[in-house]
Amino acid sequence: MRILITGAAGFLGSHLCDCLLSEGHEVIGLDNFITGSPENIAHLMGNERFAFRKHDVSNFIFIAGRVDAVLHFASPASPNPQSPSGYFNLPIQTMKAGALGTHNCLGVARANKSRFLLASTSEIYGDPLVHPQIETYAGNVDPVGPRAVYDEAKRFAESLTMAYHRAHRVNTRIVRIFNTYGPRMDLEDGRALPNLLKQAILGQPLTVYGDGSQTRSFCYVDDLIDGIIKLLHSGEHLPVNIGNPHEMTILQFAETINEIVGNKGGITFVKDARSVRDPQQRQPDITRARQILQWEPKVSLEEGIQKTIPYFKQKLGIP
């Protein structure tokens with residue numbers, strides 16, 4: 001196939017490019033580098049089946065020739081208020097990527113009668129009142145809260161995708177992505193894994209907010225990409241959760257990180273200000289992924305972290 005990927009220089013977009021090229025497809029990548037990095041796709045620049053264009057998806061998208069599939073992964077995603085590439089500091093760009101970007105990508109898919117896959121997020125569930133989160137749960141989201149620019153942009157993108165499917169019969173898919181980690185992720189992402197793994201590699205005490213009882217589930221990037229590819233080739237139009245259902249507290253996770261890395265720095269507890277309304281629970285129900293895609297994660301947390309450590313060390317300049 002000839003496949004268009006937006007956000008191609010991002011963490012997930014670049015891994016998608018790798019996977020689809022390895023399967024023999026032709027890939028056209030779009031990115032404006034607002035959060036993505038040229039380093040993530042530098043190794044692809046000599047590949048004759050890969051073409052790249054610097055482009056902001058909130059502007060009209062024209063692709064010459066046929067397009068068999070459109071995968072929309074362009075959006076700031078970091079919840080770190082201190083990160084210049086986080087959505088707290090890029091609120092308008094985040095809303096545009098979810099609204100105008102999705103609209104423009106759907107236009108390409110409609111014009112080409114191609115498949116369309118939207119990268120949505122577990123954040124559409126907000127701070128959930130249902131646990132684990134199942135696709136039929138409508139969520140608990142504050143539309144004017146500090147995280148709303150990302151949460152509501154993705155919720156709108158899902159609604160627009162289904163509108164195009166119902167009104168224009170566009171062949172759509174929606175993946176709700178849960179916490180994912182691996183090489184090429186942003187070390188300043190603001191999420192638990194990059195924060196804690198970076199501290200452990202540097203030999204520092206790991207910072208745990210509150211008492212560490214809040215929970216997360218972590219999926220290695222290879223497993224996630226496998227699920228997305230399976231969804232792309234399926235005939236499913238309604239949202240599908242893709243993530244690892246193995247839930248653990250942040251305290252348990254910090255202790256696991258220290259053990260794997262061999263960090264003697266211990267753990268430091270700091271007051272949980274809840275200033276950005278960080279969800280207290282996050283765990284996917286992947287029943288639909290198992291039934292529809294015959295997919296479930298295979299990489300253990302320990303194995304995934306071991307695969308991720310060399311990238312973090314390289315970025316931190318540690319031999």
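# Close-up views of a predicted model

**View 1. Arg184, a buried residue in a loop.** Arg184 has a relative accessible area of 19% and therefore counts as buried, since the cut-off is under 20%. The structure shown is a predicted model. Arg184 belongs to the loop that runs between strand S7 (180–181) and H4. Its phi is positive, near 85°, although the residue is not a glycine.

**View 2. Helix H4 and its surroundings.** Helix H4 is mostly covered, with eight of its ten residues buried. These buried residues are Leu193, Pro194, Leu196, Leu197, Lys198, Gln199, Ala200 and Ile201. They pack against S7, strand S8 (206–209), helix H6 (250–261) and H8. Gly203 follows H4 and has a positive phi, near 75°.

**View 3. The packing of helix H4 on helix H8.** Two packed helices are described by the angle between their axes and the distance between the axes. For H4 (residues 192–201) and H8 (residues 301–316), the angle is about 70° and the axes are 10 Å apart. H4 is therefore roughly perpendicular to H8, the range for this description being 65 to 115 degrees. The crossing of the two helices is right-handed. On the H4 side, the contact is formed by Leu193, Pro194, Leu197, Lys198 and Ile201. On the H8 side, it is formed by Ile305, Thr308, Ile309, Phe312, Lys313 and Leu316. By class, the residues of this contact comprise eight nonpolar, one polar and two charged.

**View 4. The packing of helix H2 on helix H3.** Helices H2 (residues 91–112) and H3 (residues 148–168) pack at an angle of about 15°, and their axes are 8 Å apart. H2 is therefore roughly parallel to H3, as angles under 35 degrees are described in this way. The crossing of H2 and H3 is right-handed. H2 contributes Pro91, Thr94, Met95, Gly98, Ala99, Thr102, His103, Leu106, Gly107 and Arg110 to the contact. H3 contributes Ala148, Val149, Tyr150, Ala153, Phe156, Ala157, Leu160, Thr161, Tyr164 and His168. The residues of this contact divide into twelve nonpolar, seven polar and one charged.

**View 5. Lys154, a buried lysine in helix H3.** Lys154 is a residue of helix H3. With a relative accessible area of 8%, Lys154 is buried. Residues up to four places away in sequence aside, Lys154 touches Ser75, Ala119, Ser120, Thr121 and Ile124. The C-alpha atoms of Lys154 and Ala119 are 8.4 Å apart, while the two residues are separated by 35 residues in sequence.

**View 6. The nonpolar cores and the contacts of Ile5.** In soluble globular proteins, nonpolar side chains tend to be buried together. In this model, the largest nonpolar core has 59 residues. Ile5, Leu71, Phe73, Ile228, Phe253 and Ile305 have the most contacts inside this core. Helix H5 (residues 221–232) gives the most to the core, with seven residues. Ile5 touches Gly13, Leu16, Cys17, Leu20, Val27, Ile28, Gly29, Leu30 and Leu71, with residues up to four places away in sequence not counted. A second, separate core has 21 residues, among them Ile63, Cys105, Phe116 and Leu160.

View 7. Gln283 is located in the loop between strand S13 (267–270) and helix H7 (287–293). The relative accessibility of Gln283 is 14%, and the residue therefore counts as buried. Its contacts are His131, Pro132, Gln133, Phe178, Ser217, Pro245 and Glu247, not counting residues up to four places away in sequence. Among these contacts, His131 and Pro132 are joined by a cis peptide bond, for which omega is about -10°. Pro132 lies in the loop between strand S5 (115–121) and H3. Gln283 and Leu16 are 267 residues apart along the chain, and their C-alpha atoms are separated by 23 Å.

View 8. Gln294 is placed in the loop between H7 and H8. Its relative accessibility of 59% means that Gln294 counts as exposed, the cut-off being over 50%. The phi of Gln294 is near 50°, a positive value in a residue other than glycine.

Notes: Residues numbered from 1 in each chain as written. Predicted model: local features only at pLDDT ≥ 70, side-chain atom pairs only at ≥ 80, totals over all residues. Heavy atoms only, no water. Axes fitted to C-alpha atoms, helices over the stretch in contact; angles between N-to-C directions. Helix = DSSP H or I, 4+ residues; strand = E, 2+ residues; numbered from the N terminus. Parallel < 35°, antiparallel > 145°, perpendicular 65-115°, else oblique. Left-handed = near helix turned anticlockwise from the far one by under 90°. Contact = heavy atoms within 4.5 Å. Nonpolar A, V, L, I, M, F, W, Y, C, P; charged D, E, K, R; others polar. Core = buried A, V, L, I, M, F, W, Y, C linked by side-chain atoms within 4.5 Å. Buried < 20%, exposed > 50% of the residue type's maximum accessible area, 1.4 Å probe, protein only.
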